[in-house]
Amino acid sequence: MLNFFIYEAKVSLLLAVFYICYRVLLSHETFHRLNRIVLTGSVIVSFLLPFCVLTVHRTVMVPAGTAVYDMPSETTIPPVLPQDPQNLPAFAAETAANAPQGGGWLLTLLAFIYFAGVAFCLVRIIVELIQVTRIIRSGEILPQPDGLSLVIVDRDLAPFSWMRWTVLSREDYESGNRHIREHERAHICLGHARDLLVMNVLSAMQWFNPVMRMLKEDLRAIYE
């Protein structure tokens, strides 16, 4: 479990470094597609980079004439068996007695808090998906020539898109405003819903990290 927390700390550090670089170098630029790629790529790389292990090979030159001793082909090392603290020397027994014994419960408590937060975030994502699915099923679905679908609902809600569905209230649909449909269609064609779903799942793993929340807000601003 300690190794997992070290991994999460590395991810948090990488997210902070990448986000600072983005804010300094690209946040004021108008290249929205590039900014989107940089933000989403930074998150994915931050989660993958701690798994990478770099191996450095170094060649050591041995001077001529240096004696090289042959090691025995088989070496038997006697096993180290646990010893009774009563049979240890006085200084060793005192060291064993003074060793910290309370680290286990603290690690367990941190693990409980962390996974409780992850579970809460994942449940919230699932609830939101269920709500969106119910809204789509409750509306009138109108297939479009380009393979997408227009969903008309008899309720007052703001237009939104999800995967291949564009959801509009009947009032917005009857108003004949083409700009709303084109705006939501652009979200679908650019795959914004998939990006946000991946970002939400990954942010559940970093629910304690404020950098992740700021990064998601900047990504939503780019989409709009």
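**Group meeting: helix packing in a predicted model**

Let's start with Thr 30, which sits in the loop between helix 1 (2–25) and helix 2. Helices here are DSSP runs of H or I with at least four residues, strands are runs of E with at least two, and both are numbered from the N terminus. Thr 30 is exposed, at 59% relative accessible area. On that scale, buried means under 20% relative accessible area, exposed means over 50%, and partly exposed is in between, with a 1.4 Å probe and protein chains only. Where does the C-alpha of Thr 30 stand relative to that of Ile 222? The two C-alpha atoms are separated by 9.2 Å, although the residues are 192 apart along the chain.

A word on the model. It is a predicted one, where local features need pLDDT of at least 70 and side-chain atom pairs count only at pLDDT 80 or more, while totals for chains, interfaces and linings use all residues. Residues are numbered from 1 along each chain as its sequence is written, and side-chain values use heavy atoms, with hydrogens and water left out.

Now the overall layout. The chain has eight helices and four strands. The order from the N terminus is α-α-α-α-β-β-β-β-α-α-α-α. There are 224 residues, and 29% of them count as buried. Contact means heavy atoms within 4.5 Å. Take the contacts with a separation of 6 or more: 59% of them join residues 24 or more positions apart.

Helix 1 next. It has 24 residues and reaches 35 Å from first C-alpha to last, close to the 34 Å expected at 1.5 Å a residue. The expected span is 1.5 Å times one less than the number of residues. Buried residues of helix 1 include Phe 5, Val 11, Leu 14, Leu 15 and Tyr 22. Glu 8 is on that buried list too.

What does Ser 46 touch, beyond its neighbours within four places in sequence? Ser 46 lies in helix 2. Its partners are Val 11, Leu 14, Leu 15 and Phe 18. Ser 46 is buried, with a relative accessible area of 0%.

Axes are lines fitted to C-alpha atoms, for helices over the stretch in contact, and angles run from 0 to 180 degrees between N-to-C directions.

First pair: helix 2 (residues 32–48) and helix 8 (residues 210–223). Their axes come within 10 Å and cross at roughly 155°. Helix 2 and helix 8 are therefore roughly antiparallel. The cut-offs: under 35 degrees is roughly parallel, over 145 roughly antiparallel, 65 to 115 roughly perpendicular, and the rest oblique. The crossing of helix 2 and helix 8 is left-handed, meaning that the near helix is turned anticlockwise from the far one by less than a right angle; clockwise would be right-handed. On helix 2, the contact residues include Leu 39, Thr 40 and Val 43; on helix 8, they include Leu 215, Leu 219 and Ile 222. By class, this contact has seven nonpolar, three polar and two charged residues. Nonpolar covers Ala, Val, Leu, Ile, Met, Phe, Trp, Tyr, Cys and Pro; charged covers Asp, Glu, Lys and Arg; the others, Gly among them, are polar.

Among the contact residues are Asp 195, Met 199 and Leu 202 of helix 7, with Leu 215, Lys 216 and Tyr 223 of helix 8. The classes here are seven nonpolar, three polar and three charged.

The crossing of helix 2 and helix 7 is left-handed. Arg 36, Thr 40, Val 43 and Phe 47 of helix 2 meet His 192, Asp 195, Met 199, Leu 202 and Met 205 of helix 7. That contact has five nonpolar, two polar and two charged residues.

Helix 7 itself runs over residues 192–205 and has 14 residues. Its buried residues include His 192, Asp 195, Met 199 and Ala 204. Ala 204 and Val 123 are 81 residues apart in sequence, with their C-alpha atoms 9.9 Å apart. Val 123 is in helix 4 (residues 103–138) and counts as partly exposed, at 49%.

Last stop: Met 163. This residue is in the loop between strand 3 (160–162) and strand 4 (165–169). Met 163 is not a glycine, yet its phi is positive, about 55°. At 27% relative accessibility, Met 163 is partly exposed.
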